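Subject: Structure handover

Hello,

I am passing on the structure we spoke about. Please look through it first; my notes on what was found follow below.

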Amino acid sequence: MKNLLLFAFLVQLNYGFGQNKFDVSAVEKFQTELNAEYADAKTSPLTAEDLAIFKTLDFYPANETFHVVAKLIRMPKEKPFEMKTSTDRKPLYVKYGELFFTIDGRDFKLNVYKNIELSKKKEYKDYLFLPFSDLTSGHESYIGGKYIDLRIPKGDTIVIDFNTSYNPYCAYNSKYSCPKVPLENDLDIEIKAGVKKFHD
């Protein structure tokens, strides 16, 4: 009986970890869907000139190093604040929590946010916004940093897959108003994952 319980525990443990494992097919799906969105005139942020010649976004190769399981520390007493954007618009966000993770033996922290207005919509009530910049920003990737979409987890860990990081619309078209990456979310490491910059 003891062995049976141990076996059941190990199966459950492996299943739980399985949910957090790197899946290259998920990255490929992300890339395919993003390319389709940008190629469609109805959903593309590209200018008419760029859309006319668009074939594909430039992605870093999928890399398991940049798929991490982070410890989530929730911050329930944070007050809403006006997030700076590329225009005069100042949408209300609240810091939802802090994410702690390790890449190549180095420890990092990012703050994750919740958009107040967006969270009022049923389909976005558990949506989290993770903006970040890193040492590739302004070189191989967009100078303004990148975004990752997350969902509020049930537990106290959350998967951050930098392979699914994407550029703000402002990287493609100046008509958009995009949140600026807060200074505390600037990472002292090259995150060679996700979408690269669009124009040289």
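This is a predicted model: local features need pLDDT of at least 70, side-chain atom pairs count only at pLDDT 80 or more; totals for chains, interfaces and linings use all residues.

**Overall fold**

Residues are numbered from 1 along each chain as its sequence is written, and side-chain values use heavy atoms, with hydrogens and water left out.

**Whole-chain values**

The C-alpha trace spans about 70 × 40 × 35 Å along its principal axes. Of the 200 residues, 40% count as buried; buried means under 20% relative accessible area, exposed over 50%, and partly exposed in between (1.4 Å probe, protein chains only). The accessible surface is about 12200 Å², with 55% of it belonging to carbon and sulfur atoms (Shrake-Rupley method, 1.4 Å probe; for residues, only the protein chains shown count as cover).

Among contacts (heavy atoms within 4.5 Å) with a separation of 6 or more, 64% are between residues 24 or more positions apart.

**Cores**

A nonpolar core here is a set of buried Ala, Val, Leu, Ile, Met, Phe, Trp, Tyr and Cys residues joined through side-chain atoms within 4.5 Å. The largest has 23 residues, and those touching the most other members are Leu99, Phe101, Ile103, Ile160, Phe162, Leu187 and Ile191. At least two residues of this core come from each of strands S1 (67-74), S3, S4, S5 (127-132), S6 (146-151) and S7 (157-161). Strand S3 gives the most, with four residues. Another core lies apart from this one and has 19 residues, including Tyr38, Tyr93, Tyr127 and Cys170.

Leu130 lies in strand S5 and counts as buried because its relative accessibility is 0%. Apart from neighbours within four places in sequence, Leu130 is in contact with Leu99, Leu110, Asn111, Val112, Lys146, Tyr147, Ile148, Leu150, Ile160 and Asn185.

Leu135 sits in the loop between S5 and S6. With 43% relative accessibility, Leu135 counts as partly exposed. Leu135 touches Leu187, Asp188, Ile189 and Glu190, again not counting residues up to four places away in sequence. The C-alpha atoms of Leu135 and Asp188 are 6.2 Å from each other, although 53 residues separate the two along the chain.

Asp104 is in the loop between strand S3 (92-103) and strand S4 (106-115). Asp104 counts as exposed, at 64% relative accessibility. Its phi is positive, about 50 degrees, and it is not a glycine. Most residues other than glycine have a negative phi.

Regards
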